[in-house]
Amino acid sequence: MKIALLGYGRMGKEIEKIAISRGHEIVIRKAADTEIDITQADVAIDFSIPTSAFENITNCFRNGVPVVSGTTGWLDNYSKALDICEENKGAFIYASNFSVGVNIFFELNKQLAKMMSNIDNYDIAMEEIHHTKKLDAPSGTAITLAEGIIENTSKENWDLDEASSENNIPIVAKRIPEVPGTHSVWYNSEVDSIEIKHTAHSRKGFALGAVVAAEWLLGKTGVFTMKDVLNIS
């Protein structure tokens, strides 16, 4: 499989190692807003920056190249991107996190939210910790976790740092050097606390999941999620 890496920072370089180890060829390494011929690639993996992601992704749709994106912070244009994908019969997977462990954590979070939805006296709080070079806050993974809680409880929205109302979930975002990503969800009451937590030990899990998603997407048409890739029901 010939792969275009759209974004060649630390994640792009980690994806390159994993892809080559699985027998793939890297034909494009796009580190900035430079002109490329995306049609050289069988599939593209976008881990760029929020201001470049939409252009990277829709360029793939318009040229018939399946694309996997893990870039966060551009989702105001997500619906517009899906329209362009449909118009061009493209293939797309977006995930705020490609780690197998995190995707299982997403489902665990939803199940816990369902169980807690009818129990009073617990306050919900979240925390995410990432390296200091991460541009957006809270992380896309934290937002996905918050959305999983909102879908299954009476909570209506999330706020960065302090909640603006009792119907919102507070998300504290910390930036600490060299932390790949840690996410915690707490249910706190006067008598006890329940905590679920995912800790990434390196970027390898994110990179492997992105390459597996690209392998799965090749030859397909439509918009998919990591639940499709991992066959999580």
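Me: Why is H130 called buried?

Reply: In this predicted model, H130 has a relative accessible area of 7%. Buried means under 20%, so H130 falls in that class.

Me: Where in the fold is H130 found, and which residues does H130 touch?

Reply: H130 is part of strand 6, which covers residues 123-130. Leaving aside residues up to four places away in sequence, H130 touches S139, K174, R175, I176, V179, P180, G181 and H183. A contact here means heavy atoms within 4.5 Å.

Me: What makes H130 and K134 a pair in the UniProt record?

Reply: The unreviewed UniProt entry places the feature "active site" at H130 and K134. An annotation of this kind may be inferred rather than shown by experiment. In the model, H130 and K134 are both included in the lining of the largest pocket.

Me: How do you know where the empty space is?

Reply: Rolling a probe the size of a water molecule over the atoms shows where empty space is left.

Me: What is the volume of the largest pocket, and which residues are closest to its centre?

Reply: The volume of the largest pocket is about 820 Å³. The lining has 35 residues, and M11, F47, S48, H131 and K134 are the closest to the centre. Helix 1 (10-21), helix 2 (50-62) and helix 5 (140-152) are the elements that give two or more residues to this lining.

Me: What classes of residue make up the lining of the largest pocket?

Reply: Twelve are nonpolar, 16 are polar and seven are charged. In this division Gly counts as polar.

Me: What is known about the second largest pocket?

Reply: The second largest pocket has a volume of about 620 Å³. Its lining consists of 25 residues, with Y94, A95, S96, T144 and E147 nearest the centre. Two or more residues come from each of helix 4 (100-116), helix 5 and helix 7 (226-230). Helix 5 gives the most, with six residues. By class, the lining has ten nonpolar, nine polar and six charged residues.

Me: Why is the second largest pocket said to lie between domain 1 and domain 2?

Reply: Domain 1 (2-98 + 204-230) and domain 2 (100-201) both give residues to the lining of the second largest pocket, so that pocket lies between them.

Me: Is K30 buried or exposed?

Reply: The relative accessibility of K30 is 11%. The cut-off for buried is under 20%, so K30 counts as buried. K30 is found in strand 2 (residues 25-30). Not counting residues up to four places away in sequence, K30 touches L5, L6, G7, Y8, I36 and N56.

Me: Why is S202 called partly exposed?

Reply: S202 has a relative accessibility of 36%. Buried is under 20% and exposed is over 50%; 36% lies in between, so S202 counts as partly exposed. S202 sits in the loop between strand 10 (193-199) and helix 6 (204-217).

Me: Which residues does UniProt list for "domain: Dihydrodipicolinate reductase N-terminal"?

Reply: The unreviewed UniProt entry lists residues 33-98. In the model, this span is 35% helix and 17% strand, and its end C-alpha atoms lie 24 Å apart.

How values were computed: Residues numbered from 1 in each chain as written. Predicted model: local features only at pLDDT ≥ 70, side-chain atom pairs only at ≥ 80, totals over all residues. Heavy atoms only, no water. 1 Å grid on protein atoms, 1.4 Å probe; cavity = no way out; pocket = protein on both sides within 12 Å on 5 of 7 lines; lining within 4 Å. Points joined across faces, edges and corners; volume = space filled by probe spheres on them. Helix = DSSP H or I, 4+ residues; strand = E, 2+ residues; numbered from the N terminus. Domains from an automatic or database assignment. Buried < 20%, exposed > 50% of the residue type's maximum accessible area, 1.4 Å probe, protein only.
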